[in-house]
Amino acid sequence: MDTGIIVALLLAIVVGVSLGLLGGGGSILAVPILTYVIGMPPKEAIASSLFIVGITSVVGLYSHARAQRVRWKTGVIFGLAAMAGAFTGGLIGGFINGAVLMILFAIMMIATATAMIRGPKKGAGDTSEEPKALPLVRVILDGALVGIATGLVGAGGGFLIVPALNLLGGLPMAVAVGTSLLVMSMKSFAGLAGYLFSVQMQWPIVLAFTAMAVVGSFIGSALAGRIPGASLRKGFGFFVLAMGAIVLVQEVPRVLSLFAGG
């Protein structure tokens with residue numbers, strides 16, 4: 001087996017750990033790994049990451065559901081809006097230059113990393129058992145916007161969904177994480193459907209990567225609660241920020257060359 005593929009499969013465990021532990025971060029790691037370690041074209045890497053995150057999220061969702069950490073009504077409403085947005089984003093993404101998509105992805109990484117490092121506002125969210133009445137229009141609008149970002153650049157959106165659920169529905173953070181996996185699974189498959197109209201995937205590699213990510217998700221679930229959340233969030237945020245900067249350094253010259261060539 002090619003060395004790059006072996007390294008990528010080992011890194012896939014980290015993708016799963018992130019999803020199981022933090023409820024997000026899967027695509028932010030998976031897309032650069034598939035692109036720079038395995039050498040997939042950007043569009044194929046984004047489409048593959050949607051499948052990987054979708055399957056891994058379903059597995060993680062089962063564990064959270066058993067622990068009653070999923071708010072099904074909130075998740076389904078948010079998820080349906082996100083699915084529509086993700087399908088639209090996937091269709092649009094299939095016709096955008098790969099280097100431009102990677103630039104957009106890097107911007108998403110940097111924005112996400114900044115939010116992680118800053119952390120939630122003090123007093124955000126309600127830790128009570130009963131959620132507040134859902135502002136349906138805002139839930140649907142936010143879901144659609146997050147979905148478009150997901151489908152367009154392959155970002156699972158967990159770090160966007162968790163704060164949104166925490167603030168909009170007043171969900172405790174643990175419940176927001178579990179519910180976010182429901183939303184991510186729904187919209188990841190919708191975004192994938194949009195990309196399959198224009199992208200062919202390397203299924204043996206994608207399935208192997210997914211299997212390793214699922215293993216990692218179990219590890220992440222087991223570690224949940226044992227690592228201080230604030231320290232983990234900030235450390236991961238700086239890591240994602242560094243990866244976003246690397247992607248920009250790699251892709252900006254390619255985009256500039258397109259304009260120069262035109």
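In this predicted model, the largest nonpolar core comprises 40 residues, and those with the most contacts inside it are Leu34, Met40, Met109, Tyr195 and Phe209. At least two residues of this core come from each of helix 1 (3-22), helix 2, helix 3, helix 5 (98-118), helix 8 (173-195), helix 9 (203-223) and helix 10 (229-261). Met109, when residues up to four places away in sequence are not counted, touches Ile28 and Pro32 as well as Val240, Met243, Gly244 and Val247. Another core, of 21 residues, lies apart from the largest one and includes Phe78, Val175, Val183 and Met186.

On the side of helix 2 the contact is made by Gly26, Ser27, Ala30, Val31, Leu34 and Thr35, which meet Pro42, Ala45, Ile46, Ser48, Ser49, Ile52 and Val53 in helix 3. Sorted by class, this contact of helix 2 with helix 3 has 8 nonpolar and 5 polar residues, but no charged ones.

Helix 3 also holds Thr56. Is Thr56 buried or exposed? With a relative accessible area of 1%, which is under the 20% limit, Thr56 is buried. Leaving aside neighbours within four places in sequence, Thr56 is in contact with Gly16, Leu19, Thr210, Ala213, Val214 and Ser217.

Key
Residues numbered from 1 in each chain as written. Predicted model: local features only at pLDDT ≥ 70, side-chain atom pairs only at ≥ 80, totals over all residues. Heavy atoms only, no water. Contact = heavy atoms within 4.5 Å. Helix = DSSP H or I, 4+ residues; strand = E, 2+ residues; numbered from the N terminus. Nonpolar A, V, L, I, M, F, W, Y, C, P; charged D, E, K, R; others polar. Core = buried A, V, L, I, M, F, W, Y, C linked by side-chain atoms within 4.5 Å. Buried < 20%, exposed > 50% of the residue type's maximum accessible area, 1.4 Å probe, protein only.
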